[in-house]
Amino acid sequence: IVIAKITQMNGNEITYMLNGTTSDGSFSLLGVYKCTVQLAGLDLTNSQGAAINIANGKRIKLSAKKGSVNSLTDGSNGSQKGCIYSKGQLQIQGNGVLNITGNTKHAIKSGDYISVKNLTLNINKAVGDGISCNEYFLMESGLLTISGVGDDGIQCDLDGDSSTGETVDHEDEDSGNMYIHGGTINVSVTADAAKGIKSEGAIKVYGGDIAVTTSGGGVWDSDEMKTKAASCIDADGDMYISGGALNLASSGAGGKGISGNGMFTAVGGVVMVSTSGNAVVASSSGVVSTITSSQQLDHYDSDYKSSPKGIKVDGAILISDSAVVSVTTAGAGGEGVESKHSIEITGGQLTVDATDDAINASYETSTGGTGNISISGGMVYARSTGNDGIDSNGNCYIKGGVVYAVGSSQPEVAIDANSEEQKKLYVTGGVIIAIGGLESGSSLTQACYQASSWSKNTWYAITVGNETIAFRTPASGGSTLVVSGTSQPTLKSGITVNSGTEIFNGNGFVEAVISGGSSVTLSSYSGGTGGGGGRPGWN
């Protein structure tokens with residue numbers, strides 16, 4: 001049954017308006033011209049195949065008319081690729097509501113790119129992906145909600161064998177990239193090893209509100225012979241964030257907030273990441289189980305384990321300008337931020353509270369990385385309850401900014417470099433607060449000082465020149481409190497913060513105005529006697 005009316009013709013472009021109700025119908029479209037399919041109060045179910053099947057390979061606008069509510073459902077006995085299938089470019093738009101239920105495979109499938117603008121798009125079920133497309137995906141505005149899917153929330157693949165990269169106005173682009181400029185995206189996936197948002201290319205976020213949750217566990221991939229786990233956002237290419245707000249939560253075993261094969265760059269926006277699952281491991285026969293102790297992971301080869309990390313990429317990590325990134329991990333093996341290449345922080349704010357290394361830079365020969373960490377600006381909070389606060393498998397350079405690091409206890413430290421491989425921690429600037437001490441053999445061009453003692457869950461204030469920074473100590477950490485500044489600092493304990501600008505999720509204030517407190521005696525500090533030794537990062 002085709003419910004259609006040709007309402008207008010602009011040159012060679014036709015607009016079809018669909019309305020009415022049927023429980024056993026479909027709309028199929030052939031042709032070789034661009035056109036618009038307008039949904040104007042349509043409730044369409046096809047028990048045998050796709051609700052809308054567009055075999056026309058040209059650009060199609062699928063529009064939900066303003067004020068209309070439209071529902072599309074496909075059958076569970078067909079071979080269709082989606083409840084909505086388009087051979088060509090699919091622009092989903094309008095000011096109405098579109099509800100989709102996919103009972104066979106994907107909810108929406110395009111053989112070309114997909115863009116979303118203005119409308120409210122609710123994907124309530126899909127056996128496969130919520131949205132699956134090729135070439136690129138573009139979210140301009142509107143509200144997109146995806147739940148009840150059996151695989152990924154949104155997946156974008158390359159159409160050909162190689163990428164064109166991003167092109168001007170995306171003309172003839174085949175990149176596998178995803179672009180988010182605005183609107184609201186809510187994605188919830190529950191399948192094992194599923195991805196909330198998955199791109200074969202890069203993912204670029206310029207604005208919008210993005211909330212993704214994953215709850216599925218890890219699996220053994222017998223084809224690739226390795227464990228795999230869920231990720232809220234997963235990019236085969238680079239990730240770039242300059243605006244918007246991302247709220248990412250992964251609760252399954254081995255689940256990650258952000259994972260990628262390329263670089264991670266944040267120059268703006270707000271990124272909130274949390275993971276709560278334990279690590280997942282596989283036996284030699286591929287039987288999957290979870291691990292509740294980080295130390296047990298050392299007994300497994302990298303292909304046979306997956307740890308629940310907040311942000312984990314193979315390329316370099318760069319955080320700068322006005323970016324605000326916050327990461328919390330709660331499960332065993334839960335590293336906060338890890339790069340297999342290097343990490344550079346020149347601005348912004350990075351707050352990490354982790355059960356394993358809070359911030360870790362490791363490297364593999366294949367990445368061409370150094371394993372170095374460099375902090376020259378911004379504000380960094382790195383707390384680990386079971387390992388190093390900041391752990392560099394190469395050199396670690398602190399040149400500026402505000403750095404507050406907390407290590408668990410010896411041999412782990414607050415700030416670690418790989419001295420076993422003749423690497424060092426170099427301190428030449430910045431304000432440093434380090435509970436757990438510094439790596440032995442550090443090069444401290446800027447003088448560092450050790451506090452006579454420190455107390456748990458207590459507000460302190462460090463003053464360097466005219467700058468006062470208030471900070472709250474954690475419930476646990478190494479025995480040594482080290483501070484440093486561009487001039488000799490003073491330290492007070494038991495202070496009251498009267499005003500200031502909050503940082504580190506409430507664990508600190510800059511431009512702090514304080515009262516009360518007692519002076520803490522400081523003595524010269526030349527470096528620790530231990531160190532984590534740059535334990536390699538886990539997958």
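1. Residue classes in the lining of the largest pocket. In this predicted model, the lining of the largest pocket comprises 15 charged, eight polar and five nonpolar residues. The volume of the largest pocket is about 720 Å³. Of its 28 lining residues, K226, T227, D234, N261 and K312 are the closest to the centre.

2. Strands that contribute to the largest pocket. At least two lining residues come from each of β20 (195–199), β23 (219–221), β24 (226–228), β25 (231–235), β28 (256–260) and β33 (305–306).

3. A volume of about 180 Å³ is computed for the second largest pocket. It is lined by 13 residues, of which Q89, Y113, H170, E171 and D172 are the closest to its centre. The classes in the lining of the second largest pocket are eight charged, three polar and two nonpolar.

4. A sheet of three strands. The strands β32, β31 and β33 form an open sheet in the order β32-β31-β33, and their pairing is antiparallel. Pairing on one side only marks β32 (288–291) and β33 as the edge strands. Between β31 (residues 279–282) and β32, four bridges are found, and the two strands run antiparallel.

5. Backbone angle at D169. Most residues other than glycine have a negative phi. D169 is not a glycine, yet its phi is positive, at about 55°. This residue is located in the loop between β17 (154–157) and β18 (177–180). Is D169 buried or exposed? Its relative accessibility is 70%, so D169 counts as exposed, the cut-off for that class being over 50%.

6. Backbone angle at M225. A positive phi, near 55°, also occurs at M225, a residue other than glycine. The position of M225 is in the loop between β23 and β24, and both of these strands supply at least two residues to the lining of the largest pocket. With a relative accessible area of 41%, M225 is partly exposed, because this class lies between the limits of 20% for buried and 50% for exposed.

Notes. Residues are numbered from 1 along each chain as its sequence is written. This is a predicted model: local features need pLDDT of at least 70, side-chain atom pairs count only at pLDDT 80 or more; totals for chains, interfaces and linings use all residues. Side-chain values use heavy atoms; hydrogens and water are left out. On a 1 Å grid over the protein atoms alone, a cavity is a set of points where a 1.4 Å probe fits but cannot get out, and a pocket is an open set with protein on both sides within 12 Å along at least five of seven lines; lining residues have an atom within 4 Å of a point. Grid points are joined across faces, edges and corners, and a volume is the space filled by probe spheres set on the points. Ala, Val, Leu, Ile, Met, Phe, Trp, Tyr, Cys and Pro count as nonpolar, Asp, Glu, Lys and Arg as charged, and the others, Gly among them, as polar. Two strands pair if DSSP finds at least two bridges between them. Buried means under 20% relative accessible area, exposed over 50%, partly exposed in between (1.4 Å probe, protein chains only).
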